[in-house]
Amino acid sequence: MSDAAVRQGKIHPIILMVDVGDLREGVFGREQLEEIAGQILGCPGVELVGLGTNVGCYGSILPSVENTQILVELRDFLNEKYGFHIKTLSGGSTCTLKLLEEGRLPAGINHLRVGEGLLYGEDTTGMRFLEGYHTDAFHFKAQVVELRRKPSVPIGEHGRDGKGDLPEYPDRGVHLRAICAAGKQDVAWAALTPTLPGVEMIGASSDHLIVDVEGCGGRVKVGGWLDFRCGYMAVLDATTSAYVDVREM
């Protein structure tokens, strides 16, 4: 990074990530921080302008006054000891909004990386929807390729499914089931919510999505399309899949 910046005659600003307990990316502890701070000082063409942290995404750790305050303390330490001029403190993502809303975000935190909350009004880590935001900005549509009445419990000796799991199948009797041309390779099916009343999610294999349409009153037809509202993981999978056509509606 330093070499590239020097070649182009630029100063590249850096926000250094600090791990405050979620155990994903970032330096962990003051010793690691000082080590990399010294390296940055010896690199022409780069400037340390901020510190950032991430929680919730791996270790399910929620943002708190205590773990967010760590950034403020480390900024003051680096500025005083090494002469940095750190101005940006990126205190997290959508899940940190709750601290902001409650007036508990430590003074000095002046940047948040909000994606999920702005795009569809949800805070997955905090298990809540955000007031005043639309939650239906992303929809997933899948075509119905089979429609048949079948038992709800698979028949025969049970092994593991294609993922290696041992799923349970509640006995609901014989129901009308639709198979859609989409599966786990395309979308996180458990993060889909059907928009047509009466449709219930059953499960999925790698390339098939299975839904119960017993309560739809005959409105589901082979060749037709079913619509689903997307949760966070569904958006992530669908927008990065080579098999899903992403369109602005």
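The questions and answers below concern a predicted model.

Me: In what order do the four strands of the open sheet lie?
Reply: Strands of a sheet pair through backbone hydrogen bonds, either parallel or antiparallel. In this predicted model, the pairing within the open sheet of four strands is parallel. Read across the sheet, the order is S1-S2-S3-S4.

Me: Which strands stand at the edges of this sheet, each with a single partner strand?
Reply: The order of the strands across the sheet is S1-S2-S3-S4. A strand with a single partner has one side left without a neighbour in the sheet, and this is so for the two edge strands, S1 (12-17) and S4 (111-113).

Me: Which residue in S2 is the bridge partner of Ile14?
Reply: Strand S1 covers residues 12-17, and S1 pairs in the parallel sense with strand S2, residues 46-52, over six bridges. For Ile14, the bridge partner in S2 is Leu48.

Me: Is Leu23 buried or exposed?
Reply: Leu23 lies in the loop between S1 and helix H2 (30-41), and together with Phe28 and Tyr58 it forms a nonpolar patch on the surface, with about 370 Å² of accessible area together. Exposed means over 50% relative accessible area. Leu23 has a relative accessible area of 52%, so Leu23 is exposed.

Me: How far apart are the end C-alpha atoms over residues 2-118?
Reply: An unreviewed UniProt entry annotates residues 2-118 as "domain: Alanine racemase N-terminal". Over residues 2-118 the chain is 38% helix and 19% strand, and the distance between the end C-alpha atoms is 34 Å.

How values were computed
Residues are numbered from 1 along each chain as its sequence is written. This is a predicted model: local features need pLDDT of at least 70, side-chain atom pairs count only at pLDDT 80 or more; totals for chains, interfaces and linings use all residues. Side-chain values use heavy atoms; hydrogens and water are left out. Two strands pair if DSSP finds at least two bridges between them. Patches are made of residues with over 30% relative accessible area and no salt bridge: like charges are joined within 9 Å, nonpolar side chains (Val, Leu, Ile, Met, Phe, Trp, Tyr) within 5 Å. Accessible areas come from the Shrake-Rupley method with a 1.4 Å probe; for residues, only the protein chains shown count as cover. A salt bridge is a side-chain nitrogen of Lys or Arg within 4 Å of a carboxyl oxygen of Asp or Glu. Buried means under 20% relative accessible area, exposed over 50%, partly exposed in between (1.4 Å probe, protein chains only). UniProt positions are given in the numbering used here, feature names are shortened, and annotations may be inferred rather than shown by experiment.
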